[in-house]
Amino acid sequence: MPNQPTRQTYRDRFKCGFDQAQEIFDPCLSSALAKLGSDKAMDDFLQGANLLCMMGQGVEPVLVYLEEAPDTAVLVGEAMIGELAHYAYKLATSTNAPAVVPFLQSMLPVARRLEGGEAMQAYLDLGLEVMRETTPSIHGHHAIHPSPVLGPFFETAPRVLTWLTLEGLANWARFGARVHANDPEAQQAYFALESADSRTVLQRERHGTLLVDNERRLGCYLQALWVSEEPLVPYPTLEAETPRRPYFDEHGLRLPDVLDDHNGIAGIDRYRALLAHMMAHRRWSETIVADNYSPMQRLAMEVFEDARVEHLAMARYPGLRRIFRALHPRPPEDACDPETRSCVNHRLMMLSFALLEPRDHGYRDPAIVEFAGRFHERMAAGTGTGDMVELGLGFMARSRRASDAFADVWFPPEPVAFRDDNRHLWRFIEEGDEEELFDRNAATADAEDAEREHALPPRLYPEWDVDAQLHRPDWVSVFDSLHPAGRADHVDRLLEKHQGLVRQLEQVVDLLKPQNRERIRYQEEGAELDLDVAIRSMIDQRSGVEPDPRVNMSHRHAERDISVSLLVDLSASIAERPDGAGQSILELSQEAVSLLAQAVEALGDPLSIAGFDSNTRHEVRYRHIKGFDEHWGTEVKARVAAMEPGMSTRMGAALRHAGHFLSHRRSDKKLLLVLTDGEPHDVDVRDPQRLTADAREAVTALDAQGIFAWCINLDPRADEYVSDIFGHRYTIVDRVDRLPEALPRLFMQLTG
């Protein structure tokens with residue numbers, strides 16, 4: 001195989017002479033190498049940057065492109081990365097050069113809402129349409145001035161897409177371009193969302209249930225009912241496009257980006273019905289070799305197999321029957337004339353309804369009645385995909401007519417809205433497939449190896465710019481990974497070393513464990529008499545005062561309801577050995593984490609442990625050591641044993657990411673402990689006060705979410721900066737060798 005290009009090779013391909021572009025190129029190259037999976041994508045990326053550099057619009061387009069194009073490509077596909085640069089070049093070589101930077105700045109936020117190459121291409125086409133409609137010209141051909149609204153359109157599009165689908169954005173933009181075609185000032189107000197009619201059109205276009213807004217709910221539905229964590233991938237539903245049907249493949253479940261309410265079924269329930277149908281196929285369908293069957297026969301087999309998996313799903317979850325029944329069309333028996341046109345689709349639609357409603361379909365066609373009965377007999381006896389193949393062949397043979405071959409074909413006016421396109425059912429055997437498959441696997445093996453380190457896409461977080469007094473959106477990339485494992489017996493030896501401290505902690509834990517019962521006083525009815533209140537009531541009665549009737553008390557179970565996250569600084573400095581200490585900070589941290597985890601396990605509180613370090617804002621590594629639902633066992637001990645120093649300490653991003661996980665816990669109290677040995681810093685930030693200010697903003701955001709953050713700092717000089725971040729919520733451990741004892745005891749104090 002040819003040698004893989006080196007970093008120097010890529011740097012040599014970058015021909016831009018701007019000093020600012022050269023300064024940020026190395027970190028941007030690292031980001032691109034982590035996110036782009038092929039040399040072709042990297043070549044497209046660098047060619048795009050060179051093109052923007054040479055188009056005469058200054059350095060800003062190049063900077064924006066270098067920083068945001070790789071993240072955009074992760075969301076919309078690597079094939080789009082070169083197209084984005086050529087699109088900007090097309091704008092720059094027209095009269096609309098001022099719109100280049102707004103377009104490039106809109107790439108990433110728009111990609112997050114669209115999540116797909118097709119949708120991004122539709123967005124680019126819409127931008128060209130707005131440009132054509134709003135650019136002043138002579139006789140409609142020769143542009144003389146830039147469009148007054150193209151830049152504002154690109155600036156506003158990410159915001160509008162938080163409310164509307166891509167179709168809604170197109171309708172909104174077309175309305176403004178055409179209604180205010182002769183009034184540039186009104187157009188500018190419209191596209192800046194400052195006019196009343198702009199807000200009115202937005203309200204009108206905001207309809208249906210957006211997949212992007214309900215992705216978490218539907219993901220929980222999949223996990224709870226079908227034990228699946230497959231990603232949900234939206235595709236655009238523009239009116240100009242041919243209607244598409246959902247489908248699934250190895251990359252996820254492809255669903256329409258919006259669904260309206262239909263026949264009394266809410267959009268969210270339509271999504272649930274779609275997912276139920278797909279997952280039923282996943283669980284119970286087998287593939288069928290397609291080569292020996294005609295297209296009509298395959299259509300009939302699909303109808304029977306769809307009905308089979310739906311009946312199995314309804315048997316498991318009966319509530320689906322109401323939704324399936326409401327969403328399935330019921331074509332009249334006389335909707336198609338078999339003397340003048342092909343009615344295959346009509347017969348199959350009637351058959352599909354008859355299979356769903358065996359007692360209430362009302363059809364008289366003998367083939368439909370016969371095969372609906374045979375289908376339900378097979379279902380009662382237990383059946384598989386092979387039986388549906390047999391039924392499909394039999395139905396087509398039994399119901400065949402001469403008119404089935406007519407060119408004039410009847411198509412149902414309304415499809416079965418909760419079914420996918422069944423591409424997963426069919427396997428085609430053609431000469432050369434095996435060789436092609438082998439070549440394809442060999443070609444992609446290297447790309448898969450390159451992507452394995454960062455298999456999950458990064459989560460992007462803002463960062464506070466203390467000079468500009470604003471958040472830089474999506475400024476930091478945080479990569480999730482599971483911490484590597486080492487030898488668990490190393491942690492067992494650490495715990496044996498601290499046997500005396502372990503016994504002391506066990507005694508404290510016993511005191512902190514929730515008691516089974518606690519008293520609830522001042523009850524009119526209760527389990528027993530509250531003597532203090534009863535005596536007081538008797539005294540009041542004899543004194544002529546109306547006595548308090550609440551003389552009983554009851555009991556209830558007392559429970560601790562707290563979730564705890566421990567965030568460990570794994571920067572390079574933890575390898576150092578402090579003065580007077582016989583161990584490094586890393587070794588002491590391992591002991592402290594082990595003792596804390598064992599104590600919290602005995603206490604019964606859910607605890608997560610993670611380590612973090614950073615290498616510029618493009619790579620903050622967040623390594624999961626213990627999850628909330630994991631027990632303190634061999635696997636977790638092995639990860640603690642493998643803790644090792646990393647690079648820098650970009651604390652704000654790590655705090656936000658830890659808060660992201662804690663915010664989804666349903667506990668009354670949420671505690672985030674941060675164990676660090678110094679102030680925030682990173683190699684791409686010269687002034688440490690910038691990262692200190694960002695960490696303070698992150699702690700403030702955690703407070704707003706109800707998350708209590710506390711810092712355990714091992715730096716004797718931490719008083720100079722730690723209060724700027726955490727206020728009064730910090731502890732400085734002056735004697736680092738006492739950390740194994742101090743950390744668990746601090747936890748007991750904070751949660752006791």
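1. Contact here means heavy atoms within 4.5 Å, and helices (H or I, at least four residues) and strands (E, at least two) are DSSP runs, numbered from the N terminus. The model is a predicted one, in which local features need pLDDT of at least 70 and side-chain atom pairs count only at pLDDT 80 or more, while totals for chains, interfaces and linings use all residues. Residues are numbered from 1 along each chain as its sequence is written, and side-chain values use heavy atoms, with hydrogens and water left out.

2. With that in mind, look at helix α2 (residues 19-35), where Q20, A21, I24, F25, C28, S31, A32 and K35 meet V62, L63, L66, E67, P70, D71 and V74 of α4. The axes of α2 and α4 (residues 60-76) lie 9 Å apart at an angle of about 5°, where axes are lines fitted to C-alpha atoms, for helices over the stretch in contact, and angles run from 0 to 180 degrees between N-to-C directions. That makes α2 roughly parallel to α4, since angles under 35 degrees count as roughly parallel, over 145 as roughly antiparallel, 65 to 115 as roughly perpendicular and the rest as oblique.

3. Sorted by class, this contact of α2 with α4 has ten nonpolar, two polar and three charged residues. Ala, Val, Leu, Ile, Met, Phe, Trp, Tyr, Cys and Pro count as nonpolar, Asp, Glu, Lys and Arg as charged, and the others, Gly among them, as polar.

4. The next point is the open sheet, in which three strands follow the order β4-β6-β5 with mixed pairing; two strands pair if DSSP finds at least two bridges between them. Because β4 (232-235) and β5 (247-249) stand at the edges with a single partner strand each, one side of each is left without a neighbour in the sheet. From one strand to the next the twist averages 30°.

5. Within this sheet, β4 and β6 (residues 252-256) pair in the parallel sense over four bridges, and V233 stands opposite R254 in β6. Helix α13 (residues 267-284) packs on the sheet and touches β4, β5 and β6, with its direction at about 150° to that of β6.

6. Which helix packs with α13 at an angle of about 100°? Helix α15 (residues 320-327) does, and the axes of the two are 10 Å apart; α13 and α15 are therefore roughly perpendicular to each other. Their contact is made by D269, R270, A273 and A276 of α13 together with L320, I323, F324 and L327 of α15, and these residues divide into six nonpolar, no polar and two charged.
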